[in-house]
Amino acid sequence: MAPNDPVLSLVTADPGLPRANPTQSYWQHIPHALADIQSSKLPTDQDFAIIGSGITGLSVAKSLLERHPTATVTVLEARALCSGATGRNGGQVAANAGEQYMYLAETHGVETAGKIVDFTFRNLEKMQELIEEYDAVEVSEMQRLQKLRVFLTQGKFDDFKKSIARLEMDHPSRKGLYTILDADAVLKEYEIHGASGGALLPAGTVWPYRLVTKVFAALSEKYPGRLTIETHTPVESVEHISAPASPSPLTSTYPYTLRTSRGPLRARTVVHCTNGYSGHLLPRLRGLVHPFKGTMTVQDPQNTVSNQGTAVSWGFHYPPSYDPNTKRLGYGLYYLGQSAKTGYFYFGGENARLEESVSSDDSFVADHSVEHLEVVLPRFFGKDDRSDWRLISSWSGIMGYSSDGLPVVGRLSPTLTGRKGDGEWIVAAFNGYGMANSLMSGEALALMILGEDVSDWLPVAYGLGKKRLQETLTVPKAVNALRSKI
C-alpha cells in the first residue's frame, strides 16, 4: 500500500477525542438527571477505570460491581453520559449473524460460526432481560417483535437464502429461526414495495439512551461507595509507571495513570470502551479498528401509513453502490424502526463520500445524506411524494468497525498498547451491530478480568489471538474491505 493512499490515510488517522459539540440525537433530546454527573473532585486510586459510558461501559461496570465484592469503579466519559454510539444509534435490537453465516463458516469454521450466531441471539435476549430486570420496559419503549429483512435485488435475496440454508444444515437446532418470504408476501402482508424477497427473525426495538441511563442510576444508588461516574472528563492519555526495584505500595497497586481534563486518576486496571475512538489512546490499533460515521433521521409519516411499531422493524439490503459523479457510496443497508406511540420512523443508512463515512466527527450531519434518507423512506411504502412527511430530527453517530467485521474483546498486550503492563483491556468494534454484541461482550470481558473462563460462550474469533492479528485483523484487510466498495 502506498503511504499516500487516501483510504489508508482515512483508516489509520487518529480519531481524536469525541467532539465537544455533537449533533443533537433525538434519543437524548430530554437529558437524564445524570447526564452531566461528576464528583466535586476527581477520585483516584481506583481498581478499575472504564473509559466510555455506553452500553459496553455499562455492562463492564455492572458485571465488575456485581461479581467483585469490594471493587471500586470509575466510569470516565468525554461528554455527557451515554452520548456516544449507544445514545446515537438506530434503536434496533437485531442480529445479523445469519446473513453472515456463509462468510463466517468459510472464514472461521462451522463451530465458531455457529457460536457467533448463538452469541448474538442470546445477547438480544439478555438485552430484553436487562430491560425487564430494571423495570425499563415502558420508559425505554422496548418492543419484542420480528425484524423484516427486505432484499431489494434478487442477487442479495439468493445469497441470503443460501446462507440460511447452510446455517440450518450445519446447525439443525436453528431451523425455523428465519422465515423466508417471497416478494408478494412482503408487499401484501407488510406493505413494503420493491422487494425481491424477505425474511423474518426475532428482534426488538428500544430507546437505548433511556435504558442505559436508568441502569446507571440504579447502579449509582446500589453502589454509592464503589461506583463513580465522571462525565465531561476526557481521558487525554494513559501511562504505565513501572514499579522501581523497591516499589512503593501505590506504584505497584495502581500502575496506570490516566491524564484527564480534570487531573490525573490512578488505576489498577484500564478498560477501553471507546469503540470508534479506540485508536486515539491506542495508536497501534489504528486501522485494525476505525471509526465509521452513520446518519440517522426521525421522520413523521403523518398517518399516511399504518403503524407497525409493535409488530416489526425493518432492514433493507441492496448491493453496495458507488456514484462516480458525486463520489458517494451506498453501503448496502438501511435500518428502520417505528415508534408504537407516535408512529415516527427511526430511519438510518449511509450514502456519503468515503471521507465523510470513515470519520470520527459527529459535530455535523451532511445535508445530502439526510435528504437521501428523506427521499428513500417513503418509496418503501409506495409513496413517491414525501411532501406530507415531516423531518423531526437528524444526527450523526460514530460506530467502530474492525478490518474483519467482528468485535474485539480481550486483554491488550504491550505490543498493542505500546506500554508496559498487562492491565489494559478492550471491548470495541461492533461493526454496526452493537446491540447484538455489546452487553454480553462487556460481561465476558469483566469476567475475564476477574480470572474466569468464558471460552464456552464468547466466540474465540472475537479475541486478540496471534492468528487473528496476523491474518484478518490487519490494516491491509481494512483498506481492501473499503476499497472493494468503490
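Helices (H or I, at least four residues) and strands (E, at least two) are DSSP runs, numbered from the N terminus. In those terms, Glu141 sits in the loop between helix 4 and strand 4 (143-151). This is a predicted model: local features need pLDDT of at least 70, side-chain atom pairs count only at pLDDT 80 or more, and totals for chains, interfaces and linings use all residues. Residues are numbered from 1 along each chain as its sequence is written, and side-chain values use heavy atoms, with hydrogens and water left out.

**Strand pairing**

- Two strands pair if DSSP finds at least two bridges between them.
- Strand 1 (residues 46-51) pairs with strand 10 (residues 263-272) in the parallel sense, over 5 bridges.
- Gln46 stands opposite Ala267 in strand 10.
- Strand 1 also runs parallel to strand 2 (residues 73-76), joined by 4 bridges.
- Phe48 has Val73 in strand 2 as its bridge partner.
- Strand 9 (residues 256-260) pairs with strand 10 in the antiparallel sense, over 5 bridges.
- A hairpin of 2 residues joins strand 9 to strand 10.
- Thr260 has Gly263 in strand 10 as its bridge partner.
- Strand 10 and strand 18 (residues 424-428) pair in the parallel sense over 3 bridges.
- Val270 stands opposite Glu424 in strand 18.
- In a regular strand the side chains alternate between the two faces of the sheet.

**Burial and the nonpolar core**

- Buried means under 20% relative accessible area, exposed means over 50%, and partly exposed lies in between (1.4 Å probe, protein chains only).
- Strand 1 is mostly covered, with 6 of its 6 residues buried.
- A nonpolar core is a set of buried Ala, Val, Leu, Ile, Met, Phe, Trp, Tyr and Cys residues joined through side-chain atoms within 4.5 Å.
- The largest nonpolar core has 82 residues, and Ile50 and Val73 touch the most other members.
- Helix 4 (residues 110-133) gives the most to this core, with 9 residues.
- Contact means heavy atoms within 4.5 Å.
- Leaving aside neighbours within four places in sequence, Val73 is in contact with Gln46, Phe48, Ile50, Ala61, Leu64, Leu65, Arg226, Leu227 and Thr228.
- In soluble globular proteins, nonpolar side chains tend to be buried together.

**Cavities**

- On a 1 Å grid over the protein atoms alone, a cavity is a set of points where a 1.4 Å probe fits but cannot get out; lining residues have an atom within 4 Å of a point.
- Grid points are joined across faces, edges and corners, and a volume is the space filled by probe spheres set on the points.
- The whole structure holds 2 cavities of 30 Å³ or more.
- The largest cavity has about 60 Å³ of space.
- Its lining is Lys293, Thr295, Glu350, Ala352, Glu356, Phe364, Val365, Ala366 and Ser369.
- Strand 11 (289-300) and strand 15 (345-353) each supply at least two residues of the lining of the largest cavity.
- For classes, Ala, Val, Leu, Ile, Met, Phe, Trp, Tyr, Cys and Pro count as nonpolar, Asp, Glu, Lys and Arg as charged, and the others, Gly among them, as polar.
- The lining of the largest cavity has 4 nonpolar, 2 polar and 3 charged residues.
- The second largest cavity has a volume of about 30 Å³.
- Helix 9 (278-281) and strand 11 are the elements that give two or more residues to the lining of the second largest cavity.
- Strand 11 gives the largest share of that lining, 3 residues.
- The lining of the second largest cavity has 6 nonpolar, 5 polar and no charged residues.

**Positive phi**

- Most residues other than glycine have a negative phi, and most peptide bonds are trans.
- Glu141 has a positive phi of about 55°, although it is not a glycine.
- Glu141 counts as buried, at 19% relative accessibility.
- Ala429, also not a glycine, has a positive phi near 65°.
- Ala429 lies in the loop between strand 18 and helix 13 (438-449).
- Ala429 is buried because its relative accessible area is 0%.

**An exposed residue**

- Asn4 is found in the segment before helix 1 (6-12).
- Asn4 is exposed, with a relative accessible area of 64%.
- The C-alpha atoms of Asn4 and Thr297 are separated by 35 Å, and the two residues are 293 apart along the chain.

Definitions and conventions:
On a 1 Å grid over the protein atoms alone, a cavity is a set of points where a 1.4 Å probe fits but cannot get out, and a pocket is an open set with protein on both sides within 12 Å along at least five of seven lines; lining residues have an atom within 4 Å of a point.
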